[in-house]
Amino acid sequence: MNYSRPVSNKNVTITDKFWKEKIELIRDEVIPYQWNALNDNIDGAEPSYCMRNYRLAAEILEKRRNGEKTETFPTDKWYYSPENDDSNSFFGWVFQDSDLTKWIEAVGYSLQNHPDPELERLADEAIDLLCSAQAENGYLNSFYTINNPEKAFTNLRDHHELYCFGHLAESAVSYYRSTGKDKLLRAACAFADLICDTFGEHGKEGYGGHEIAEMALIKLYEVTDNEKYLNTARLFIDRRGTKPYYFDTERGESSGNELNYIYNQAHIPVREQTEAIGHAVRAVYLYSGMADTAKYTGDEALFAACRKLFDNITLKRMYITGGIGATKDGEAFTFDYDLPNDLAYAESCASIGLVFFARRMLQADFDSKYADIMEKCLYNGILSGMSQDGKSFFYVNPLEVNPLACRLDSRKSHVKPIRQKWFDCACCPPNIARLISDYGEYCFTETENTVFVNLYQSSEVITDKADITILSDYLQSGNVEMIINAKTPFTLALRIPCWCSNFSFSIKNPYIKKGYAYFDIENDCKITACFKPEIKIMKCNPNVRENIGKVAVTRGPFVYCLEEKDNGSDLHLLRLSHNPKFNFDGEAILARGYRERIGTSKLYYEYAPSEEKAVKLKFIPYFQWANRGENEMCVYIRY
């Protein structure tokens with residue numbers, strides 16, 4: 001299987017105003033803020049207990065090394081708290097360890113383009129603490145180390161040891177590639193070796209309940225060339241969904257009931273799966289690992305399954321914002337075209353996972369549809385998860401919000417009208433930080449002969465084929481200029497965005513295949529592209545019941561929404577004119593519309609045409625909503 005590889009984040013310098021601001025916000029505000037959150041130093045925020053757990057685990061291990069007997073505590077819950085559990089036990093969610101490793105991963109990416117000795121020193125101290133909580137056999141999980149080490153690897157379905165390992169490995173690779181320091185990498189490899197010995201070809205036939213170990217093992221393989229990591233990732237994937245179910249076996253059960261394991265994507269073997277199902281984050285993390293494994297093993301059947309799953313998500317189960325996961329029940333996919341706006345879950349982590357999946361598909365199948373999805377998620381469903389000051393976050397990213405309903409309707413209790421300072425289950429904030437810090441690595445991929453430009457922003461990229469400077473006005477005029485200093489003849493492939501129906505290049509008649517325009521580069525040159533962003537009125541497939549008679553407004557990669565701050569309350573009474581006369585002011589979109597008058601207090605009355613008054617509608621980019629206090633919001637409007 002032919003595949004491309006990302007151009008390293010180290011070799012990409014983002015100069016673009018839009019993305020440089022976001023990356024600097026992560027470095028200057030989010031990383032320090034999250035460090036305070038991990039250390040429980042934010043007033044009014046949910047405590048993390050993360051650093052407290054690592055310190056306690058290190059102390060307990062030291063006592064055991066000295067021959068002291070330590071207490072054991074229950075391991076039968078997902079969440080532990082000072083109010084309900086012994087003061088010497090583990091606190092927080094069973095996956096709390098991953099909050100620190102995701103923070104370290106974000107730090108690693110940040111240091112690649114912005115050396116910061118003080119931040120590096122702080123990360124080194126955190127790594128020292130983390131490694132002090134590692135047992136001699138390589139095991140590293142504070143929950144079981146504190147509460148009962150004899151129970152390790154006894155509940156793979158629920159208790160996230162392999163998930164926490166996955167984030168440990170990914171942080172180790174990020175930090176090693178950035179700094180050259182291998183302490184954390186050696187710790188991750190020691191844990192990986194234990195996992196490979198325990199669950200390898202001659203070990204238990206287990207696999208994780210919350211996937212990520214698969215793609216993390218591949219990352220270790222990429223750094224170390226140790227094939228046992230690739231082989232174990234493949235085993236985890238091959239075993240998943242086979243009978244007898246391992247999750248039954250570890251409980252001494254033999255139900256064989258597929259419904260029990262839809263949540264974990266373990267109901268049937270992965271090559272037979274054609275619909276994205278179950279917990280949305282787990283799903284796209286699994287699919288990412290599948291795509292990686294298929295790429296390195298040449299497994300065409302596995303990659304064919306990935307194609308079917310990607311298409312099922314993006315053509316039938318994805319919100320226009322790139323959000324996935326329609327229901328709070330299991331944070332899960334439901335069925336085709338079930339995309340309620342006000343009940344949406346659309347977890348920030350799920351959109352991030354979809355970007356991971358899309359990038360891996362793009363590396364093995366040079367089709368612009370994968371980069372289109374990356375762009376959609378990045379500009380909409382992911383950026384919406386973080387406030388403009390980087391100090392509050394959304395877990396859930398709905399497409400319609402009525403604050404009163406969020407408070408009084410339990411079905412919508414998961415939807416928040418304002419971003420939160422932190423969460424007891426804080427997977428999303430550090431996930432956003434690590435993705436945006438690594439943004440440069442999503443922009444360009446390359447093969448032996450070709451450099452692919454997947455995302456457009458002002459930047460400088462260094463490859464062995466050419467140094468390329470991009471001057472981009474992509475979000476305003478759509479003009480993008482590429483100044484190419486060629487080192488050897490090569491092919492440059494430029495993505496044609498799916499939203500663009502009016503594009504041009506300064507070099508005429510390029511070869512176009514699967515949404516990329518290919519140019520043969522022999523010498524230094526300049527290529528100018530124009531991807532003219534137009535305001536578009538977008539309609540859903542009629543099978544999306546909630547949006548019959550409604551439309552959304554987009555411009556370029558951005559989805560737009562209405563907020564009460566600009567348009568008054570009761571947004572459901574607004575209608576877009578059939579002659580909207582759109583006006584773009586550089587950020588917002590203004591349009592003609594109507595507001596229905598409420599002329600009666602009766603609940604029911606005989607039909608008559610509604611009375612309306614003309615109004616001026618103001619649409620703002622979806623990612624900007626909820627930065628001006630609590631108010632109503634909607635993406636879809638009557639038309």
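Author: Two strands pair if DSSP finds at least two bridges between them. Strands (E, at least two residues) and helices (H or I, at least four) are DSSP runs numbered from the N terminus. The model is predicted, so local features need pLDDT of at least 70 and side-chain atom pairs pLDDT 80 or more, while totals for chains, interfaces and linings use all residues. Residues are numbered from 1 along each chain as its sequence is written, and side-chain values use heavy atoms, without hydrogens or water.

Six strands make up an open sheet with antiparallel pairing, in the order S2-S10-S11-S12-S17-S14. Strand S2 (12-14) and strand S14 (503-505) are the edge strands, each pairing on one side only. S14 is joined to strand S17 (residues 525-531) by three bridges, and the two run antiparallel. Phe505 stands opposite Ala529 in S17.

Among the helices, H7 (residues 183-199) has 17 residues. Of these, 12 are buried (under 20% relative accessible area; exposed is over 50%, partly exposed in between; 1.4 Å probe, protein chains only). The buried residues include Leu184, Leu185, Phe191, Leu194, Ile195 and Phe199. The buried residues of H7 pack (contact: heavy atoms within 4.5 Å) against several helices, including helix H3 (97-113), helix H6 (161-179) and helix H9 (227-239).

Lys22 lies in helix H1 (residues 17-38). Leaving aside neighbours within four places in sequence, Lys22 is in contact with Leu383, Ile436 and Phe623.

By this rule there are 50 salt bridges. One of them joins Glu275 and Arg317, whose closest N and O atoms are 3.5 Å apart. Glu275 lies in the loop between H10 and strand S5 (278-279), and Arg317 in the loop between helix H12 (300-316) and strand S6 (332-333), so the bridge ties together parts 42 residues apart in sequence. Arg317 is buried, at 5% relative accessible area, whereas Glu275 is partly exposed, at 38%.

H12 also takes part in another bridge, between Asp311 and Lys369 (3.0 Å, N to O). Asp311 lies in H12 and Lys369 in helix H14 (residues 368-382), so this pair ties together parts 58 residues apart in sequence. Asp311 is partly exposed, with a relative accessible area of 27%, and Lys369 is partly exposed at 30%. Arg5, Glu446, Asp464 and Lys465 are linked in a network of salt bridges.

How values were computed
Expected span 1.5 Å × (residues − 1). Salt bridge = Lys/Arg side-chain N within 4 Å of Asp/Glu carboxyl O.
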